[in-house]
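Colleague: Could you take me through the pockets of this model, and through the sheet and helices around them? I'd enjoy a close look before I set anything up.

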Amino acid sequence: MKILNLTLQNFRGIKELSFDFGGNDARIYGANGTGKTTIANAVCWLIADQAATGEKDFDPKTTGSHNLHHQAQITLEIAGGERITFGKDFHEIWRRKKGSDTQEFSGHTIDYSINKVPAKKKEYDMAMEHACGKKKKKIKMLMLLGYFAEEMSVDDRRKILFDVCGNVSDQDVISSNGLDDLTKYLQIPGSLGKQF
C-alpha cells in the first residue's frame, strides 16, 4: 500500500492543506506548533480510527469552532495499482425540538466515504482492511505508538511475539546472548531452590 495524497480541511487548526506524496517516503519538518503531529494524527485517524498520539476520544474539530465540517481524505494505491480514496467528515448535529423555534446542539457524527461515495463505517473499515492487507488490530499495532505495549492484552502480545520469533525457550535466549553463567543465579519457580 502506498499513500498517494492527503487533503485536510478545518482539521485541528489546519484550515486547508494538501500533500501529494506520490507513493514515496515522506518527511515532514517544521517548528513546534506548525501541524506535524496533526498530519500524523490525520493519517492514523483515516487508516486506523485513532490518533497517532494515542489521544483518547480523538476528534479533528478545531477548538472553538461551530457549524464546520472537519474533513480528511486520503488516496491509497494498493497491490495491482488500484487507487482508493477514503474520506471522513466530522461535523456537529443540530436538531430542532418539537415546539421550539431554535435548533440545539445534540452531538457530533462522522460521515464516511469510499471513492467519494457515502459508505457506512463497517464498509469503510472492511475496505481499509482490504487496502492495507491486514486486520484492523494489526494495522493499529503497526501504526499507533504504544498500541502493542499498552492497549493489547498480555496474551495477544505473547501470541504475536511467538508468531514472529518462533518457540524460543529461556535457555535459547540465555545461550544466544552469552549469558550461560547467569543460570546459576536463576531459580525455577516453585522448585525450592533448584537452579535453572
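**The largest pocket and its surroundings**

Modeller: The lining of the largest pocket takes at least two residues from each of β1 (2-11) and α1 (36-48). Please keep in mind that this is a predicted model. Of these elements, α1 gives the most to that lining, with four residues. The space in the largest pocket comes to about 240 Å³. Its lining is made up of 13 residues, and those closest to the centre are I3, F21, A26, I28 and V43. By class, the lining of the largest pocket holds eight nonpolar, two polar and three charged residues.

The strands form an open sheet of six, in the order β2-β1-β3-β4-β5-β6, and the pairing is antiparallel. At the edges sit β2 (14-20) and β6 (117-119), each of which pairs on one side only. From one strand to the next, the twist averages 20°.

For a residue to look at on screen, take H69, whose bridge partner in β4 is H91.

The helices come next. Helix α1, the one that gives the most to the lining of the largest pocket, lies across β1, β2, β3, β4 and β5 and runs at about 110° to β1. Helix α2 (residues 121-132) also packs on the sheet, where it touches β3, β4, β5 and β6. The direction of α2 makes about 155° with that of β4.

For contrast, let's turn to the second largest pocket, which has a volume of about 190 Å³. This pocket is lined by 13 residues, and Q9, Q71, A72, Q73 and K88 lie nearest its centre. At least two residues of the lining come from each of β1, β3 (69-77), β4 (83-96) and β5 (103-114). The residues lining the second largest pocket divide into three nonpolar, six polar and four charged, whereas the lining of the largest pocket has eight nonpolar, two polar and three charged.

Key. Residues numbered from 1 in each chain as written. Predicted model: local features only at pLDDT ≥ 70, side-chain atom pairs only at ≥ 80, totals over all residues. Heavy atoms only, no water. 1 Å grid on protein atoms, 1.4 Å probe; cavity = no way out; pocket = protein on both sides within 12 Å on 5 of 7 lines; lining within 4 Å. Points joined across faces, edges and corners; volume = space filled by probe spheres on them. Nonpolar A, V, L, I, M, F, W, Y, C, P; charged D, E, K, R; others polar. Pairing = 2+ DSSP bridges. Axes fitted to C-alpha atoms, helices over the stretch in contact; angles between N-to-C directions. Contact = heavy atoms within 4.5 Å.
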